[in-house]
Structure formats: C-alpha cells, structure tokens
Amino acid sequence: MEKKTTRLRRAKKLRAKLSNQGAVRLSVHRTPKHIYAQLIDQSGANILASSSTVQADIKKQVSATGNKEAAKVVGKAIAEKAKAAGIEKVAFDRSGFKYHGRVLELADAARENGLKF
C-alpha cells in the first residue's frame, strides 16, 4: 500500500499547483492493462473529452493496450478531441505517476498533435 499512498500524495501536491493555474487539465491514469486520458474543466466538475484504450476504435488500432504504442494512440486521440472542442492549451496532470514510459509517450503524442502544455 505504500506505493499507492506515495503516488496519491504526489497527485495531491501536483493538483494543488494546477488549481492555481486555472487551466483545463489533461488528466492521465494508467493501469497495467489500460491507459486513460481526460480533459477536465477549470472547476474540476465537468469532463470535456476523454480517450482510453478501453474504447473500441482505439482498441482496434493497437495490438496490446498496456504498452507505449497504445499510449501514443490515446495521446493523439485526446489531442484531436481537444481541437474539436476548441481547446489548445492544457495543464498536464499525471496523477502522481512518474513522467516516464507510457505517461511520457502519451504527453509527447498529444504535443505532436497540437496540444500545448
């Protein structure tokens, strides 16, 4: 349980800093099998767009859902949905996960497809 509590502590600290910015949040959550991304408004009450490896259209594009390639596809999809919603600038909320591996790939793919952090 120690690993989870330290991740949640990092997430709480990060979200406190992001709340001062007042920007739309790109929140990322990962599990061993899937990765999820959501665009959340400034108040934190509404989800503006979401994308994950659970969705059928993304699942068809990748061979496995828990790897870096799947994270790239999710990053590209969330960036396209953000553009459609008129969002260009976001604050990256990694939910206490280290900026490494799948989280890094998702962020890079979102940047390449037009999102600004």
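Residues are numbered from 1 along each chain as its sequence is written, and side-chain values use heavy atoms, with hydrogens and water left out. Because the model is predicted, local features require pLDDT of at least 70 and side-chain atom pairs count only at pLDDT 80 or more, whereas totals for chains, interfaces and linings use all residues.

Helices (DSSP runs of H or I, at least four residues) and strands (runs of E, at least two) are numbered from the N terminus. Four strands form an open sheet of mixed pairing in the order S3-S2-S1-S4, two strands being paired if DSSP finds at least two bridges between them. Strand S3 and strand S4 (91–93) lie at the edges, each pairing on one side only. From one strand to the next the twist averages 20°; axes are lines fitted to C-alpha atoms, for helices over the stretch in contact, and angles run from 0 to 180 degrees between N-to-C directions.

S1 and S2 are antiparallel and share six bridges, and Ser27 stands opposite Gln38 in S2. Helix H1 (residues 2–21) packs on the sheet, where it touches S1 and S4, and its direction makes about 165° with that of S4. H3 also packs on the sheet. The strands touched by H3 are S1, S2 and S3, and the direction of H3 makes about 155° with that of S3. S2 and S3 likewise run antiparallel, joined by five bridges, and Ala37 has Ser51 in S3 as its bridge partner. Six residues separate the strands in the hairpin of S2 and S3, in which Gly44 takes a positive phi near 85°.

With neighbours within four places in sequence left aside, Phe92 is in contact (heavy atoms within 4.5 Å) with residues including Leu14, Leu18, Leu26, Val28, Tyr99 and Phe117. Val103, Leu106 and Ala107 are also among the contacts of Phe92.

The buried residues of H3 (under 20% relative accessible area; exposed is over 50% and partly exposed in between, with a 1.4 Å probe and protein chains only) are Ala70, Ala71, Val73, Val74, Gly75, Ala77, Ile78, Ala79 and Ala82. These buried residues pack against S1, S2, strand S3 (47–52), helix H2 (56–61) and H4. The expected span of a helix is 1.5 Å times one less than its number of residues. The 17 residues of H3 should therefore span 24 Å, in agreement with the 25 Å between its end C-alpha atoms. Just after H3, Gly86 takes a positive phi of about 85°.

In H4, the buried residues are Arg102, Val103, Glu105, Leu106, Ala107, Ala109 and Ala110, and the buried residues of this helix pack against S1, S2, H3 and S4. Gly114, which follows H4, has a positive phi near 110°.

Arg25 lies in strand S1 and counts as buried because its relative accessible area is 17%. Asp93, in strand S4, is buried with a relative accessible area of 0%. Polar contacts (pairs of N or O atoms within 3.5 Å; within protein, one atom must be able to donate a hydrogen and the other to accept it, and residues adjacent in sequence count only if both atoms are side-chain atoms) link the side chain of Asp93 to that of Arg25 at 2.8 Å and to that of Arg15 at 2.9 Å. Apart from neighbours within four places in sequence, Arg25 is in contact with Arg15, Leu18, Gln38, Leu39, Ile40, Ala91 and Asp93.

In the loop between S4 and H4, Ser95 has a positive phi near 55°. Most residues other than glycine have a negative phi. Ser95 is buried, at 3% relative accessibility.
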